[in-house]
Amino acid sequence: MKPGWRIETALIHAGEPRPRIGGAVNLPIFQSSTFEMGGTEAGYHDVRYIRLNNTPNHVVVQGKLAALEGAEAALVTGSGMAAISATLLSVLAQGDHILCHRSLYGGTFDFITKDLPRFGIAFTLVDGDDPRTWSAAVRRTTRAFYVETLTNPLLEVLDLEGVVTFCRERGLVSIVDNTCATPVNYRPIERGFDLAVHSASKYLNGHTDIVAGAVVGSAVHVGEAKRKLDHLGGTLDPHACFLLHRGLKTLSLRVRHQNETALRLAAFLEKHAAVTRVNYPGLARHPRHARAAAWFAGFGGLMSFELGDDVAAARRFMERVRLPVDAPSLGGAETLMTRPATTSHSGLSAGERKEQGISDALIRISVGLEAADDLIEDFAQALT
Ligand SMILES: *Cc1c(COP(=O)(O)O)cnc(C)c1O
């Protein structure tokens, strides 16, 4: 971020073209697949073409994303999974090995454990919260370590600083999925991570109306991810760039509201007699609360809870509650609820879920932009 600018200012002004194109205060959509060469003898990667992610709409939103995380460069992509797959394929080659936390976003977990082995890339699942176990997992061929800032749905806060130190000592590339924290609450590049990846479909865009992704890091690392993406074709179209750009301007307002509302809702649930467990890093009882308080500017808008291990009680709650929408995904204006056993983690067996600590009765909430009091009143009526 430009020295002296707080994130709210960077969200509005960073990356914006000066002079403004045609005087437009808000960057218009450049719905043009190709652009004039302007008489220059350019190479392939200088050609301006939508697939190469270098139209004015790409350039501006990429400049803003880089500034938000205090990074040299950023790349927008057609989805979070496009960002993650292009990044991993740019860092890893045949014969390489990667360490990753044992519980990751489902699409990432499948890509690492099912697709990468087909390219001759091996992996080892480790506990990202237990650095004593990492050395034993390292091989001569290990290249990278992949973690997430807040895991879903249990909201674990891994030893992120331990991962950075471990990777620096061994020359590994540290990669973190920062989707759930957002740069408002945590800025991984400033904390020493080599690469941050995002599903911009979630908080960055924040309006549940596009699918997009981002890669943030050094110019060299992001450039390699871009080369891979240019060939895989996972570009973001200009209209989606425009919507992401528009959504980003309110990121800080939205996330700070969600931080406050989620903290109040989690505190309410924790005290309720029918609730047996609440997972939220803002609660003093969360096993990594002190770490989260030290590293994060806010605890985020995600939480999960249980009403005993009775799936019927969870179903009853979800039928009675009025404001939350029963839908997967997260980070939008509407509060969403989901039972991970039936959505994000339905691909695992009940036994595998249990091993990861995910009960079939667990309910995951993504707090939206409603008033905290209305949400708390609604949850209270649904729990009686
Ligand atoms: C949704 C999500 C992804 C995948 O992003 P898409 O935009 O759906 O491709 C990756 N990581 C996390 C943490 C997510 O929540």
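Where is N53 found?

**Entry 1: the backbone**

I began with N53, and I located this residue in the loop between α1 and α2. The model I am reading is a predicted one. I looked up the backbone angle at N53 and noted a positive phi of about 55 degrees, although N53 is not a glycine. I reminded myself that most residues other than glycine have a negative phi, and that most peptide bonds are trans.

I then turned to the peptide bonds. The bond from R18 to P19 is cis, and its omega is near 0 degrees. I placed P19 in the loop between α1 and α2. A cis peptide bond also joins N152 and P153, where omega is about 5 degrees. I found P153 in the loop between β4 (142–148) and α6.

**Entry 2: salt bridges**

I asked how many salt bridges the structure holds. The count I recorded is 16. As background, I noted that side chains of opposite charge can pair when their charged atoms come close. One of the salt bridges is formed by the side chains of K64 and E16, at 2.8 Å from N to O. I checked where the two residues lie: K64 belongs to helix α2 (residues 56–68), while E16 is in the loop between α1 and α2. The two are 48 residues apart, and the pair links distant parts of the chain.

**Entry 3: two domains**

I consulted the domain assignment of the protein, which gives domain 1 as 7–248 and domain 2 as 251–383. Taken over C-alpha atoms, the centres of domain 1 and domain 2 are separated by 26 Å. I next looked up the contacts and found 34 residues of domain 1 touching 39 residues of domain 2.

I noted that the size of an interface is often given as the accessible area lost when the parts come together. For domain 1 and domain 2, the buried area is about 3,000 Å², and carbon and sulfur atoms give 59% of this area. Which residues of domain 1 lose the most area to domain 2? I wrote down L154, N185 and Y203, which together account for 24% of what that side buries.

**Entry 4: what joins the domains**

I recorded 3 salt bridges across the interface of domain 1 and domain 2. I also looked up D129, which forms a salt bridge with R288; their closest N and O atoms are 3.0 Å apart.

I then listed the helices on the side of domain 1 that touches domain 2: α1 (7–13), α6 (160–170), α7 (182–185) and α9 (238–248) each supply at least two residues. Of these, α7 gives the most to that side, with 4 residues. By class, the side of domain 1 that touches domain 2 has 16 nonpolar, 10 polar and 8 charged residues.

**Entry 5: an open sheet**

Finally, I traced an open sheet of 5 strands, in the order β8-β9-β12-β11-β10, with mixed pairing. Why is one side of β8 and of β10 left without a neighbour in the sheet? I noted that β8 (277–279) and β10 (325–326) stand at the edges and each have a single partner strand, so one side of each has no neighbour in the sheet.

I also examined β11 (residues 336–338) and β12 (residues 363–366), which run antiparallel and are joined by 3 bridges. Here L336 stands opposite S366 in β12.

Key: Residues are numbered from 1 along each chain as its sequence is written. This is a predicted model: local features need pLDDT of at least 70, side-chain atom pairs count only at pLDDT 80 or more; totals for chains, interfaces and linings use all residues. Side-chain values use heavy atoms; hydrogens and water are left out. Domain bounds come from an automatic or database domain assignment. Contact means heavy atoms within 4.5 Å. Buried area is the accessible area (1.4 Å probe) that two parts lose on being put together, summed over both. A salt bridge is a side-chain nitrogen of Lys or Arg within 4 Å of a carboxyl oxygen of Asp or Glu. Ala, Val, Leu, Ile, Met, Phe, Trp, Tyr, Cys and Pro count as nonpolar, Asp, Glu, Lys and Arg as charged, and the others, Gly among them, as polar. Two strands pair if DSSP finds at least two bridges between them.
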